[in-house]
Amino acid sequence: MPSPPSAHERPALPRDDAGTPPAGTTVPLESPFQGPGTRVTVVLPEQRVRRVVIALPVEKGDGSKYGDSLAELGRLPAHLREGTVFATPTFSQSPWLVNHATRADCRQEDHLVRVVVPTVLAMLSPQARPPVHLLGFSKGGFAALNLLTRHPGLFTVASVWDASLLSDRPPHPQLVEVAGSTARLAEYDVRQNLRRYAAALCGARRIALGGIGTLGADWAAGQRLLETLGIPHTAYQDAPADHRWDTAWLAPAVRHLLALESELLPDTSVREE
């Protein structure tokens with residue numbers, strides 16, 4: 001695992017809201033769970049660190065068909081960025097965040113949990129214990145909800161918009177490819193995981209389900225499922241936007257993320273031992 005950059009190398013998000021894409025520290029990753037060339041870009045705040053937000057990608061590698069997550073995050077109002085470490089990882093294959101049934105170099109969940117998150121946390125003060133949140137749309141929303149159910153002790157809040165829940169259609173071919181088997185697909189069925197792990201999520205609101213963009217049926221099905229399971233959540237539809245990285249949905253998604261965090265962790269100043 002690479003050494004974290006020194007303090008003077010740590011960039012900060014811009015103070016103004018002019019939309020200049022923030023410069024981040026890009027850390028190459030040597031991961032046994034992905035092919036060569038993956039990395040994570042981390043942008044640290046000027047203020048004391050209060051939280052880490054992992055922005056989950058929707059394209060493999062450097063794909064930008066659906067926009068630039070860091071550029072859009074940099075356009076958020078300053079109060080929505082204050083104290084937040086933003087991290088954007090890359091993946092060798094389409095990032096559904098599943099572990100392939102047989103391929104050692106296509107274990108996306110392990111890559112995020114065992115390589116990306118430790119690398120980001122290693123860049124912070126050793127005394128810092130900030131909550132780690134998940135943010136995503138489309139397949140990134142699918143991944144965020146799966147990760148929250150499967151790792152409720154590692155991730156605190158999942159804020160998703162226009163999430164792909166595959167409510168009314170067969171699995172996407174990309175998902176089939178990165179899963180590698182029918183059994184592995186079943187293991188990462190996000191609806192089934194919400195059912196399997198509902199007990200771990202029933203104590204407090206940890207999910208913000210935003211919409212509606214392209215996947216309106218998924219949003220409606222997701223809301224119904226969460227209500228049926230008794231999983232506390234926030235559901236909202238006040239963020240119409242194109243199905244891509246866009247501050248039009250990021251601003252309310254981050255605002256709801258911060259609201260859920262404040263309910264769970266009233267003192268979100270950095271935790272110290």
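**Labels and the values behind them**

Guide: Let's start with helix α9, where G216, D218, W219, G222, L225 and L226 are buried. Keep in mind that this is a predicted model.

Visitor: What do the buried residues of α9 pack against?

Guide: They pack against β6 (158-163), α7 (190-196), β7 (207-210) and β8 (234-236).

Visitor: How do you know that the span of α9 agrees with what a helix should give?

Guide: Helix α9 covers residues 216-229, which is 14 residues, and at 1.5 Å a residue it should span 20 Å. The expected span counts one less than the number of residues. The end C-alpha atoms of α9 are 20 Å apart, so the two values agree. Just after α9 comes G230, with a positive phi of about 70°.

Visitor: Why is R184 called buried?

Guide: Buried means under 20% relative accessible area. R184 has 17% relative accessibility, so it counts as buried. R184 sits in helix α6 (residues 182-187). Leaving aside residues up to four places away in sequence, R184 touches N99, H100, A101, R107 and A179.

Visitor: And what makes C202 partly exposed?

Guide: Partly exposed is what lies between the buried limit of 20% and the exposed limit of 50%. C202 has a relative accessible area of 33%, so it is partly exposed. C106, with 1%, is buried.

Visitor: How many disulfides are there?

Guide: The count is zero. To qualify, a pair of cysteine sulfur atoms has to be within 2.5 Å.

Visitor: How many aromatic pairs does a search of the whole structure find?

Guide: Six. One of them is W96 with F142, 5.0 Å centre to centre and 85° between the planes.

Visitor: What makes the pair of F137 and W249 tilted?

Guide: F137 and W249 have 50° between the planes, at 5.4 Å centre to centre, and that makes them tilted. F137 is in strand β5 (residues 132-138) and W249 in helix α10 (residues 247-264), 112 residues apart. F137 is buried at 1% relative accessible area, and W249 is buried at 0%. Ring pairs also link F137, W161, W245 and W249 into a cluster.

Methods:
Residues numbered from 1 in each chain as written. Predicted model: local features only at pLDDT ≥ 70, side-chain atom pairs only at ≥ 80, totals over all residues. Heavy atoms only, no water. Helix = DSSP H or I, 4+ residues; strand = E, 2+ residues; numbered from the N terminus. Buried < 20%, exposed > 50% of the residue type's maximum accessible area, 1.4 Å probe, protein only. Contact = heavy atoms within 4.5 Å. Phe/Tyr/Trp six-rings, centres within 6.5 Å; stacked < 30°, edge-to-face > 60°.
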